[in-house]
Every structure is written in structure tokens, then in C-alpha cells.
Amino acid sequence: MKAIEPNSSIATPETFPPPSVAVWQHSHVLDLDDFTQEEIELVLETADAMAEVLTREVKRVPTLRGKTVVTMFYEPSTRTRASFELAAKNLSADTVSLDASKSSIVKGESLIDSLRTIQALGADIIVMRHSQSGAPYLATQHVTCSLINAGDGWHAHPSQALLDLYTIRRHLGTLANLKVTIIGDIMHSRVARSNVWGMTTMGARVILCAPPTLLPRGLDSFIANCQLPNVSIETEIEPALKNADVVMPLRLQMERQQSGLLPSLREYIQLYQLTLERLSLAKPHVLVMHPGPINEGIEISPEVAHGAQSVIEEQVTNGVAIRMALLYLIAGGKNK
């Protein structure tokens, strides 16, 4: 599917001015629930400039020369970790990669002690993934450098949501008034949570579709209390897909069946797998997305995953531009 070309009038990263504090108010990026529409627009527009850099023969600019970016991953990661490290290197930052399994963490060093050590070594930005929801929020109370949440427990994954927004905008031009259907394990998905905030802020309508056992308890009350009228719940896939502009199945983790949340994988496949037949219920221009990694043949059929409507590989590519934009904005717009 042909994407809309980035805005060629946007300044390149070499000349892009520091973000105005009137728009950019973040020392950290922890989730999208505190982002305004203007701030999300700034990230997406900055990513356009970064995407232009990635088309060059030499994919590097001196924008963050002299800055140090440290990635601290307490969970395995391929896409997110690699794209953050590539993003930092493309901006000429010094990069340090901390593998929790090979650090003093295995000797009993606490998260806070590790963070303070990394900061004392000169980190300007820490990119952290942690299995415990809320860990990045705790971290910001103990360090003065900037922190980007690369995924915390079941809670949030803001850079993934931003690259999803960016991918949609490149193809469909806007998110306003689009119908976005997210299917699968909503309860345990940090991607779904961050996308709900980002997509509704940008004017989209979000349908959360899952078996009742894979929906968070109290979801109805949460939607009402947070005043999210553009979010609705559907437990059957066919009505959820009808006239959708974007469809995003989520990875089904095998332990969900073992924990009794699903009768069987066969039943889940029968009722919730995104197939070509079901996709035909959506609009002709529908985009198929997935945060990865994919379980082909479970939440999505191979024909759909690799079909003409799929932009899954493009999401991975766009992740580098978005993460370059976040590093740039955090480094230039940090509130002193």
C-alpha cells in the first residue's frame, strides 16, 4: 500500500529548532495519557524529518553529538531495543547498552542503585524496559536525567503507540474520525493501553475486541471515569471489524490458555483470528497492523500478515524515525 509522502517543507534535523516549551512540556516520555494533540503532532512532524535522514546513503546527523543514551532492558526485546539504539547512533549520540542478565543486577543491585550508577557515569537519556508496571515512574523520582519508557509490565509502551500513529497518518493522512479495531489480549497489552490514549487524542474511534476473559476488569468504569467516549468494547469480532479503517490484532501469549483464560487455542483461532474473510468486513483501504512479534496462524492468518493491506514491516521501519524524534525532542526540550 502506497504511503503518503512526508511533508517536504519540514526542516531537516540539522536545522530543526529546539522544540518550543509552549508545545513540548516533557522531561520524560512515560505514556501518552499526558500528551496533548499538539505534542503528538510535533513528534509526528519531527519523525517526518528523521525519516528523510533514513533515506540518505549516510543515515547519520550530528544532532545529539556529545549526548549519551543508555538502554536498560530488564526484559528481552528485539525491535524496540534495536530501533532505539539505531536511533541514538543515527543522531550521533554515544550509546551504552545494559543487559540486565549480565550486570550487577544479578548480584542483587536494586533498580534505583543501577539507575544512579548509570546517571553518575554521565547518561543524558535512559531508555528503560521493565517487567513491573510503574517502574519508569519510580525511576524518574530518583534520577535527574531524562527517561523514556520502552515498555513497563502491562501498563504502557508509548513509542510503539507513536509509531503506530505515524504509520496510520502516512497512509490515511489523518486519524480524525477513523475507526480503529484492536483485537486480542487487551488485558495484558501495554500497546493497547498506550494506543487508546494516543488514538483518541488524535480523534480516532477505538474498538477493543476480545473474549470477556481477556478484557481488563472494570474496563467499562475506566472508560467512563476517564471520559473516553470514543472507546467501546465488543466481544464478537465481526461487528468490531465492520467498516474499520485500521485493524490491529495483538499477540496471544500461550500462557493465557495455561492460566485458564481461554478454553483452547483452537477455539480462539476459530472465533478471533484475523482472516481474509473477516478482513473483508472492513473498509477497502483498511490497514492491517501488529505490534509484533507475530504468532502467524493464531491471532492472524499468514495471508493477512503478508497481504496487500499489511503495513507490519513498515511499522518496524517507522519505529526508528519515531524514536529518533523522541530522543531529539527530549534532548532539546528537557525542562531544566
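View 1. F222, at 36% relative accessibility, counts as partly exposed. Their ring centres sit 6.1 Å apart with the planes at 80°, so we call the pair edge-to-face (centres within 6.5 Å, using the six-membered ring of Trp; planes under 30 degrees apart are stacked, over 60 edge-to-face, the rest tilted). The two belong to distant parts of the chain, 25 residues apart: W197 is in helix α6 (residues 190-201) and F222 in helix α7 (residues 219-225). Helices here are DSSP runs of H or I with at least four residues, numbered from the N terminus.

**View 2. W24 against F35.** The structure holds 3 aromatic pairs. In this one, the ring centres of W24 and F35 are 5.7 Å apart and the planes are at 80°, so it's edge-to-face. Both W24 and F35 are buried.

**View 3. Helix α5 meets α6.** The axes of α5 (residues 158-172) and α6 come within 8 Å, crossing at roughly 50° (axes are lines fitted to C-alpha atoms over the stretch in contact; angles run from 0 to 180 degrees between N-to-C directions). The contact (heavy atoms within 4.5 Å) includes L165 and I168 of α5 and V191 and M199 of α6.

**Notes.** Residues are numbered from 1 along each chain as its sequence is written. In this predicted model, local features need pLDDT of at least 70, side-chain atom pairs count only at pLDDT 80 or more, totals for chains, interfaces and linings use all residues, and side-chain values use heavy atoms, leaving out hydrogens and water.

Terms used:
Buried means under 20% relative accessible area, exposed over 50%, partly exposed in between (1.4 Å probe, protein chains only).
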